[in-house]
Amino acid sequence: MLPPASNLSWNPAAAAHLLGRAGFGATPSEIEAAHQRGREQTIADFLAPPPPAPNPELTAGPKLAKERLRLRTMDNEERQKMVRDLLRQNAEELSEVRSWWMGQMIRPASAAQEKAVLFWHGHFATSWKKVKSTDMMWQQNQLFRQFAFGNFRDLVKAISCDPAMVIWLDLQQSRNGAPNENFARELMELFTLGIGHYSEDDIKNSARAFTGYRTRQLVGDFDFNERQHDSGEKVFMGKKGRFNGDDIIDILFEQPVCAEFICRKLWTFYAYEDPEPDLISSLAHTFRQASYELRPVFREMFGSSAFYTKKAMATQIKSPAQLIAQTCRTLECPSPSAAALRPILRSLGQMLFDPPNVKGWDGNRAWINTATLAHRHLFTDALAGIGDTARLLRLEVPLEKIVTDAMINHASLLVDGLAERLLAVPLDQATRAELIAGAGSYELPMSRDAVREMLAKIMRLPEFQLV
């Protein structure tokens, strides 16, 4: 087990770090409440199932499924029009699902769960562009929610039967005598073991085991076609048998490297890159001892002293989803509308439900380049109410919640208060002095426009990009 963090190290900065990494940030009052509850209780609260929230209403997919028999009786022109209209509605509903998900990230009760859902979305990266079904993508998103802190082996078995995944990695075309190897390869390379821990023969025999996995696209459910399944004897990782897909997954979980692979990915996502081998060995041991239950790993990771070192704190660049959710959380404003969110995510480089490839997003330093940094500034300027794009965002930060009367009458209090709310690291003295001098030029008490300008300035600092 990893050395646990000392109770003496639990302070507001540590609480803010946990809330930012395990979730999507917090307000000063939430950070103080977590500090008062203590580390152990805060982690327990994170790992508890949140209260349910109303799901987005999806109608295009069910309607298409309902009409599937009538489609056969229509003439070609009428059929094409109906399908075209439903597909257009299907695409519009995807924007609504993205907006719903961002709202769940911002919602305090579900933030930790949704951070885990975001991790699994990147791990089992699947794109709507190929699946072309919002219902199936939503079904997969719900699967990640169901297993967010559950059993990883069960999650892998479930994802092998997930309709979106079946289409995404071409299981739909895999049949007895002509197995498609895409899923079998990614199952080992990206999902469970990592490169170098399997052979080409393992891929071929695994692919045979997953033949017959289908999805009924109009209905949107999984369908195992036994006639298309290769039930012959297979040799996989030194074992011989008439294996099916679940058998292959069980054998993969017998490999010690499986636990190490997943623990390394979790630590990299939540803490820092290039974790120490001993650290991963300890987490992997916990994972195996817990029969691949995820909660013990998360509990050990979030409670370890290594999670609160200088190497871990304020060293990650916010992903676009983190940037949007955390900024809205800390400024106590709602999520951007569905119409506004889509171009924001695209310009920042993380279109939810549309990862760039089967490996997902590279993350951390890859989030920032000249173009994406400029768009980050445009987003935060708009959120602050500065610039031409502010009217398009249609969000207004409730300044009365984040700025006190004392702050608008004292430049140093305004700068310090906003910096404490928005930054993961203290301002250096030179930057603080420069900001205070700039705020000192405003007439007292400072106007809303002056406060918004200072808010935008602080969100343009390099430190603001860190979590």
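Tutor: First, a term: on a 1 Å grid over the protein atoms alone, a pocket is an open set of points where a 1.4 Å probe fits, with protein on both sides within 12 Å along at least five of seven lines; lining residues have an atom within 4 Å of a point. Grid points are joined across faces, edges and corners, and a volume is the space filled by probe spheres set on the points. This is a predicted model, so local features need pLDDT of at least 70 and side-chain atom pairs count only at pLDDT 80 or more, while totals for chains, interfaces and linings use all residues. Residues are numbered from 1 along each chain as its sequence is written, and side-chain values use heavy atoms, with hydrogens and water left out.

Student: OK. How much space lies in the largest pocket?
Tutor: About 1100 Å³. Its lining has 40 residues. Nearest the centre are Lys265, Thr268, Phe269, Trp361 and Asp362.

Student: Which helix gives the largest share of that lining?
Tutor: H15, with six residues. Helices here are DSSP runs (H or I, at least four residues), numbered from the N terminus. Helix H7 (111–123), helix H12 (182–192) and H15 each supply at least two lining residues.

Student: And how does the lining of the largest pocket divide by class?
Tutor: There are 16 nonpolar, 13 polar and eleven charged residues. Ala, Val, Leu, Ile, Met, Phe, Trp, Tyr, Cys and Pro count as nonpolar, Asp, Glu, Lys and Arg as charged, and the others, Gly among them, as polar.

Student: What about the second largest pocket?
Tutor: That one holds about 690 Å³ of space. It is lined by 29 residues, with Ala13, Ala16, Glu420, Leu423 and Ala424 closest to the centre. Helix H1 (12–22), helix H2 (28–37), helix H18 (320–330) and helix H24 (411–422) each give two or more. H1 has the largest share, six residues. By class, this lining has 18 nonpolar, five polar and six charged residues.

Student: New topic. How many residues are in the largest nonpolar core?
Tutor: The core has 147 residues. A nonpolar core is a set of buried Ala, Val, Leu, Ile, Met, Phe, Trp, Tyr and Cys residues joined through side-chain atoms within 4.5 Å. Buried means under 20% relative accessible area, exposed over 50%, partly exposed in between (1.4 Å probe, protein chains only). Phe124, Phe152 and Trp267 have the most contacts inside the core. Helix H15 (residues 256–270) gives the largest share of this core, nine residues. In soluble globular proteins, nonpolar side chains tend to be buried together.

Student: What is phenylalanine 152 in contact with?
Tutor: Contact means heavy atoms within 4.5 Å. Skip neighbours within four places in sequence, and the partners of phenylalanine 152 include Trp120, Phe124, Phe191, Ile262 and Leu294.

Student: Back to H15. Is tyrosine 270 buried or exposed?
Tutor: Tyrosine 270 is buried, with a relative accessible area of 1%. It is found in H15.

Student: Where do H19 and H20 meet?
Tutor: Ile344, Ser347 and Leu348 in H19 meet Thr372, His375, Arg376 and Phe379 in H20. The two helices pack at an angle of about 150°, with axes 8 Å apart. Axes are lines fitted to C-alpha atoms, for helices over the stretch in contact, and angles run from 0 to 180 degrees between N-to-C directions.

Student: Last one. Which residues does the cis peptide bond join?
Tutor: Leucine 444 and proline 445, with omega about -10°. Proline 445 lies in the loop between helix H25 (429–439) and helix H26 (448–459). Most peptide bonds are trans.
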